Amino acid sequence: MRSVTVRVLARDLAREMVLMREWLDLNRWEPSRFDCGKKGAEVVLFVAFSSGIAAEGFARRFGGESAASAYVQG
């Protein structure tokens with residue numbers, strides 16, 4: 001499993017979530033897990049994919065960091 005960590009300003013979260021959903025639908029990828037947490041003015045999103053290709057594409061598109069993991073933090 002590949003996880004992606006994306007940091008988004010809290011004020012931009014709704015807009016970014018819409019863009020993420022559109023990207024996922026367009027590319028026909030579905031995350032296997034999604035979690036989030038708040039750190040100061042940022043929301044930290046943890047998104048896991050069963051496909052490394054999907055994870056790398058998502059990380060590139062949304063400025064995230066991709067890593068292999070057995071699970072995604074919550």
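## The nonpolar core

A nonpolar core is here a set of buried Ala, Val, Leu, Ile, Met, Phe, Trp, Tyr and Cys residues joined through side-chain atoms within 4.5 Å. In this structure, which is a predicted model, the largest such core has 15 residues, and those touching the most other members are Val4, Val6, Met20, Leu45, Phe49, Phe58 and Phe62. Strand S1, helix H1 (13–27), strand S3 and helix H2 each supply at least two residues of this core, and H2 gives the most, with 5 residues. In soluble globular proteins, nonpolar side chains tend to be buried together.

Val6 illustrates the contacts in some detail: leaving aside residues up to four places away in sequence, Val6 touches Met20, Val43, Val44, Leu45, Phe58, Phe62 and Gly64.

## The sheet and the helix across it

The sheet is open and is formed by 4 strands in the order S2-S3-S1-S4, with antiparallel pairing. Strand S2 (33–39) and strand S4 (65–68) are the edge strands, each of which pairs on one side only, and neighbouring strands of the sheet are turned by 20 degrees against each other on average, direction ignored.

Strand S1 (residues 2–9) pairs with S4 in the antiparallel sense over 4 bridges, and Ser3 stands opposite Ala67 in S4. Strands S2 and S3, which also run antiparallel, are joined by 7 bridges, and the bridge partner of Cys36 in S3 is Leu45. These two strands, S2 and S3, form a hairpin with 2 residues between them, and Gly40 in the turn has a positive phi of about 65 degrees. Helix H2 (residues 52–62) lies across S1, strand S3 (42–49) and S4, and runs at about 15 degrees to S1.

## Aromatic pairs

A search of the whole structure finds 4 aromatic pairs. In one of them, the ring centres of Trp23 and Phe58 lie 5.6 Å apart with the planes at 70 degrees, so this pair is edge-to-face, the cut-off for that class being over 60 degrees. The pair links distant parts of the chain, since Trp23 belongs to helix H1 and Phe58 to helix H2, 35 residues apart, and both residues, Trp23 and Phe58, are buried.

The rings of Phe49 and Phe58 have their centres 5.4 Å apart and their planes at 50 degrees, so that pair is tilted. Phe49 is buried, with a relative accessible area of 1%, and Phe58 is likewise buried, with a relative accessible area of 1%. Ring pairs link Trp23, Phe49, Phe58 and Phe62 into a cluster.

How values were computed: Residues are numbered from 1 along each chain as its sequence is written. This is a predicted model: local features need pLDDT of at least 70, side-chain atom pairs count only at pLDDT 80 or more; totals for chains, interfaces and linings use all residues. Side-chain values use heavy atoms; hydrogens and water are left out. Two strands pair if DSSP finds at least two bridges between them. Axes are lines fitted to C-alpha atoms, for helices over the stretch in contact, and angles run from 0 to 180 degrees between N-to-C directions. Contact means heavy atoms within 4.5 Å. Buried means under 20% relative accessible area, exposed over 50%, partly exposed in between (1.4 Å probe, protein chains only). Rings of Phe, Tyr and Trp (its six-membered ring) pair if their centres lie within 6.5 Å; planes under 30 degrees apart count as stacked, over 60 as edge-to-face and the rest as tilted.
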